[in-house]
Amino acid sequence: MKIGVLTSGGDAPAMNAAIRAITRVGIHRKCEVHGIFGGFQGILDPQIHELNSRSVSRILHRGGTFLTTGRSEEFKTEEGLKKAAKILSERGFDALIAIGGDGTMRGLAALSRHWNGKLLGLPGTIDNDLYGTDYTIGFDTAVNNALEALDKIRDTAEAFSRTFLVEVMGRKAGFIAFHVGFATGASAILMPETTTTIEELAEKVLKAKERAKSSVLVVVAEGDELGNADTIGKALSQRIGEKCRVSVLGYIQRGGNPTHSDRILATRLGAYAIECLLSGKDGGMVGEMNGELVLTPFEDTWTKKKSLDEWMMGLLDELSS
Ligand code: F6P
């Protein structure tokens, strides 16, 4: 079986571990594995090279993606999809595995209308916003990166008894904010999934100060409906009569050596993808739910929603009291 592998959209730590597992397990089971560089655009302007076991040496522990990534506008058009299908067929591919977020799963679903080869997705995004897997590849590392930064911010916040708003990634989902917020003892977590008014936030912060808290941390997901941390920080400063400090963590969250959990998850899903292809299963995203390896139809990965733990959300005020 001739298999193409690519990474698309935002890179995520341990994408490399997944590429390594796909390549080595694939070759071991008598498949040909070809790396497609630069995301879906790498099919259209062919950037395709056969991989061997040594091609994926020394990448298991590295962040980023050795295949490089991209967000192709051409691939989203009907012409682009037809061209991609033609190139894949002409080059004799039997299967394509793409690692990425919801945009990648949408891309695979769209390609399936034009190409009759086997298609599989692997969840690779720091946002963790795909249905069909409890965790996405890269999420754990991103949360730990943010955690390390927040612990440092807490030190300086305490030294001055300050209020800090820290913005983490997540344009459409608050999973990073939620996990980081609970793990650092935040007084409030602002996310696209919940609605908090500036008055409610101000009241929370003022109450925390009344209880003589030595510092107040507010974690903000970049896609919160109130705006970004800078905008919210200005509005909050006015309401509470104190200049709030703002820190935007940004892309630092997406890089660095993947955690052991991400490496294991990526390795399991990469190897499982090969097993699925060889046993005739395709047309969906591989994932891990409740410890079980599963295959979820592409469309479900973005139409069904993985919900945040509401019980825990209800405990935030007690935990930060
Ligand atoms: O999807 C992953 C992600 O890092 C989001 O959290 C973030 O909003 C977005 O990508 C940033 O995209 P770009 O890399 O195009 O700036």
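A nonpolar core is a set of buried Ala, Val, Leu, Ile, Met, Phe, Trp, Tyr and Cys residues joined through side-chain atoms within 4.5 Å. Buried means under 20% relative accessible area (1.4 Å probe, protein chains only).

This is a predicted model: local features need pLDDT of at least 70, side-chain atom pairs count only at pLDDT 80 or more, and totals for chains, interfaces and linings use all residues. Numbering runs from 1 along each chain as its sequence is written, and side-chain values use heavy atoms, without hydrogens or water.

Select Ile22, Ile97, Ile99, Leu122, Ile137 and Ile176. These touch the most other members of the largest nonpolar core, which has 59 residues. Colour by domain, with bounds from an automatic or database assignment. Domain 1 (2-138 + 258-303) and domain 2 (140-254) both contribute residues, so this core lies between them. A second, separate core has 25 residues, among them Ile43, Leu81, Ile87 and Leu111.

Next, select helix H5, residues 139-160. Its buried residues include Phe139, Leu147, Leu150 and Ile153. Their cover includes strand S6 (163-168), helix H6 (175-184) and H9. Ser161 follows H5, with a positive phi near 50°.

Finish at the ligand. Around it (a heavy atom within 4 Å) are residues including Arg71, Thr125, Met169 and Arg254.

Technical notes
Buried means under 20% relative accessible area, exposed over 50%, partly exposed in between (1.4 Å probe, protein chains only). Helices (H or I, at least four residues) and strands (E, at least two) are DSSP runs, numbered from the N terminus. The expected span of a helix is 1.5 Å times one less than its number of residues. Contact means heavy atoms within 4.5 Å.
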